[in-house]
Amino acid sequence: MSLSVYFRSPTVGSGDGDGSDIRLKEDIRRLGKSPSGLPVYSFKYREDMKEHLRDSVDTHTIYFGVMAQDLLELAPDAVGVDPSGYYN
């Protein structure tokens, strides 16, 4: 098993924070909360969503981060939508 921690998302899109949409992820496990109260998760990117991910993304790697859907509740202005309709 490999372990990677990303502070920038490994997905395509308009900039930092892309690929935060829960629909792009699987094996999601809540780990706790950030200091700002956002839930933090471990997850893998879905193999069937590779068309929305950069070529370098390994769908077997465990990543850590937040879900855009959670961020929508606390800071909706911080969430965008990519051309495919996924939150970033």
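Welcome to this structure: strands S1 and S2 form a hairpin with five residues between them, and Gly 37 in the turn has a positive phi of about 95 degrees. Please keep in mind that this is a predicted model. The mean pLDDT of the protein chain is 81, with 80% of its residues at 70 or more.

- Three strands make up an open sheet, ordered S1-S2-S3, with antiparallel pairing.
- S1 and S3 stand at the edges with a single partner strand each, so one side of each lacks a neighbour in the sheet.
- From one strand to the next, the twist averages 25 degrees.
- S1 covers residues 25-33 and pairs with S2 over six bridges, in the antiparallel sense; within this pairing, Arg 29 has Ser 42 in S2 as its bridge partner.
- Tyr 41 has Gly 65 in S3 as its bridge partner, while Phe 43 stands opposite Tyr 63 in S3.
- S2 is mostly covered, as five of its seven residues are buried.

**A residue to look at in S1**

- Asp 27 is placed in strand S1.
- Asp 27 has a positive phi of about 50 degrees, although it is not a glycine.
- Most residues other than glycine have a negative phi.
- Is Asp 27 buried or partly exposed? Its relative accessibility is 41%, so Asp 27 counts as partly exposed.

**Aromatic rings**

- The structure holds three aromatic pairs.
- Phe 43 and Tyr 63 form one that is stacked, with 6.2 Å centre to centre and 25 degrees between the planes.
- Because Phe 43 lies in strand S2 and Tyr 63 in strand S3, this pair ties together parts that are 20 residues apart in sequence.
- Phe 43 and Tyr 63 are both buried.
- Tyr 45 and Tyr 63 form an edge-to-face pair, at 5.1 Å centre to centre and 70 degrees between the planes.
- Tyr 45 belongs to strand S2 and Tyr 63 to strand S3, so the pair links parts that are 18 residues apart in sequence.
- Tyr 45 has a relative accessible area of 2%, so it counts as buried; Tyr 63 is buried too, at 2% relative accessibility.
- Through ring pairs, Phe 43, Tyr 45 and Tyr 63 are linked into a cluster.

**The nonpolar core**

- The largest nonpolar core has 10 residues, among them Leu 24, Tyr 41, Phe 43, Tyr 45, Tyr 63 and Met 67.
- Which strand gives the largest share of this core? Strand S2 (residues 39-45) does, with three residues.
- Leaving aside residues up to four places away in sequence, Met 67 touches Ser 20, Ile 22, Lys 25, Ile 28, Tyr 41 and Phe 43.
- As a general background, nonpolar side chains tend to be buried together in soluble globular proteins.

**Confidence along the chain**

- Among the elements of the protein chain, S1 has the highest mean pLDDT (96), and helix H1 (residues 68-74) the lowest (91).
- Over residues 1-18, pLDDT stays under 50, and the model has 38 contacts beyond four places in sequence for this stretch.

How values were computed:
Residues numbered from 1 in each chain as written. Heavy atoms only, no water. Core = buried A, V, L, I, M, F, W, Y, C linked by side-chain atoms within 4.5 Å. Buried < 20%, exposed > 50% of the residue type's maximum accessible area, 1.4 Å probe, protein only. Helix = DSSP H or I, 4+ residues; strand = E, 2+ residues; numbered from the N terminus. Contact = heavy atoms within 4.5 Å. Pairing = 2+ DSSP bridges. Axes fitted to C-alpha atoms, helices over the stretch in contact; angles between N-to-C directions. pLDDT = per-residue confidence, 0-100. Phe/Tyr/Trp six-rings, centres within 6.5 Å; stacked < 30°, edge-to-face > 60°.
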